[in-house]
Amino acid sequence: MDATQKLNFLISNKNLDSDLRHIAEKVRADQRITFEEGVMLYEKGEVSYLGVLANYIRERKHGNHTYFNRNFHIEPTNVCVYDCKFCSYSRMIKEREEGWEMDVDAMMDVVKKYDNEPVTEVHITGGVVPKQNLAFYAEFFKRCKEHRPELHIKGLTPVEYYYIFKKAKLSHYEGMKYLKECGLDSMPGGGAEIFHPEIREKIAHDKCTADQWLDIHGQAHKLGMHTNATMLYGHIEEFWHRVDHMERLRQLQDKTSGFQTFIPLKFRNKDNQMEHVSEVSVIEDLRNYAIARIYLDNFSHIKAYWAMISRETAQLSLAYGVDDIDGTLDDTTKIYSMAGAEEQIPAMSTKELVQLIKNVGRHPIERDTLYNVVTDYSDYVFEDDTKKKYYSLPVINS
Ligand code: SF4
């Protein structure tokens, strides 16, 4: 059965709860679901039901295509002036000897390491320290563009920008405009956590608020930049807080159309101040991806970070609304491994990523940051697969 037949079959099931049938009919008719219906999906939707709806939407939007990119990260520092309770990565200013702080030359050395590699994106994120200010990032963005103009710079989040712009006495719009002129191309989705103040004040009390986060993205969209959005789920929030989070994103997207991708981030409980909070199950991960796909009707892509949830769960997620599993990474990020992710050395070759996607019957597409197709790998044969292989057999009784 294809995705449409499965949805029709589900709707025709007489035993299906009438509210869930109504939501399934709305999905089939391409109608938006309400806030209350979003909460209902979390409360009543079993994973198999949610998978049918989410996969229908995923295939309606993207068919079998599954995206990845070739990228590397730079994490300029893991020292941070903020104190997020879930963070396993940062060292506070008073513990800065335990962390790292790069200068612009060191960041350029990382960029130069990829000079002969076909990477399309550098993703920059990390902690917040006074030294890495507006002038610091302006210099890095300029030098990076001078060195390799075609490399897309996806850099920092509103958490850093709010701090930097405030220190520089610039409005969000002025700050974003200036950094765009210096070479910044787009913004990743981090720092969103959970927007509702009831939760945000408990887990991330001292960094930018939801309104400030949303405003900085809105200003970037006004300047023609594309950005992503995340949600940190599976800790002390309730289901309605997740829906509230997605509702705020959906409303901004209705106004600006600047978001490309939504990325649910699973809370991990290793080495942080929330170690006592249990992690949610893989089933809950899949339910959450699926509900995100159903709720965020105006977002084009839903991404799963394979480095955070494991390769196997990333494969599964492709049947629950996800159409993008992020990039090759080349072991350049510590954020997930330090939080206890299964992948302690997060790196995959292009061939491995392609195989991972093909193994679950999907169609691998290497994209650039803006989802332009770089290579369609559906019928691609890697060079080393075409070489004749000779195997030496063990010699017995020689
Ligand atoms: S999550 Fe980000 S802002 Fe919060 S402490 Fe960690 S590095 Fe700093």
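Analyst: Let's start at Ile294, which touches Val27, Ile33, Leu41, Leu53, Ala54 and Ile57, leaving out residues up to four places away in sequence. Contact here means that the C-beta atoms of two residues, placed from the backbone, lie within 7 Å. Before going on: this is a predicted model, where local features need pLDDT of at least 70, side-chain atom pairs count only at pLDDT 80 or more, and totals for chains, interfaces and linings use all residues. Residues are numbered from 1 along each chain as its sequence is written.

Ile294 belongs to the largest nonpolar core, which has 99 residues. Together with Leu53, Tyr289 and Ala290, Ile294 touches the most other members of that core. A core in this sense is a set of buried Ala, Val, Leu, Ile, Met, Phe, Trp, Tyr and Cys residues joined through C-beta atoms within 7 Å. Buried means 20 or more other C-beta atoms within 10 Å of a residue's own, exposed means 12 or fewer, and partly exposed is in between, again with C-beta atoms placed from the backbone. In general, nonpolar side chains in soluble globular proteins tend to be buried together.

The chain is divided into domain 1 (3-62) and domain 2 (65-371), with bounds that come from an automatic or database domain assignment. Taken over C-alpha atoms, their centres are 29 Å apart. Still, 20 residues of domain 1 are in contact with 22 residues of domain 2. On the domain 1 side, α3 (35-44) and α4 (47-62) each supply at least two of the touching residues, and α4 gives the most, with ten. Helices (H or I, at least four residues) and strands (E, at least two) are DSSP runs, numbered from the N terminus. By class, that side of domain 1 has eleven nonpolar, five polar and four charged residues. Nonpolar covers Ala, Val, Leu, Ile, Met, Phe, Trp, Tyr, Cys and Pro, charged covers Asp, Glu, Lys and Arg, and the others, Gly among them, are polar.

Now for the ligand. Around it are Cys80, Tyr82, Cys84, Cys87, Tyr89, Ser90, Gly127, Val128, Val159 and Lys207, each with its C-beta atom, placed from the backbone, within 6 Å of the molecule. This shell splits into seven nonpolar, two polar and one charged. An unreviewed UniProt entry lists Cys80, Cys84 and Cys87 under "binding site"; its positions are given in the numbering used here, feature names are shortened, and annotations may be inferred rather than shown by experiment.

Two of those cysteines deserve a zoom. Cys80 is in strand β3 (residues 79-80) and counts as buried because 23 other C-beta atoms lie within 10 Å. Beyond its sequence neighbours up to four places away, Cys80 touches Ser90, Met92, Gly127 and Val128. Cys87 is placed in the loop between β3 and β4 (91-92), and Cys87 is also buried, since it has 23 C-beta neighbours inside 10 Å.

The unreviewed UniProt entry also lists Phe86 and Glu193 under "binding site". The pair spans 108 residues in sequence, yet no two of their C-alpha atoms are more than 9.7 Å apart, so they gather at one spot. Phe86 lies in the loop between β3 and β4 and is buried, with 23 other C-beta atoms within 10 Å. Leaving aside neighbours within four places in sequence, Phe86 is in contact with Ile203, Leu232, His235, Phe267, Asn272 and Met274. Glu193 sits in the loop between α8 (172-182) and α9 (197-203) and counts as buried, with 26 C-beta neighbours inside 10 Å. With residues up to four places away not counted, Glu193 touches Arg200, Ile203, Ala204 and Leu232.

Asp30 has a positive phi of about 60° although it is not a glycine; Asp30 is in the loop between α2 (18-28) and α3 and is exposed, with 9 other C-beta atoms within 10 Å. Tyr371 also carries a positive phi, near 70°, without being a glycine. Tyr371 lies in the loop between β11 (363-367) and β12 (373-376) and is partly exposed, with 19 other C-beta atoms within 10 Å.
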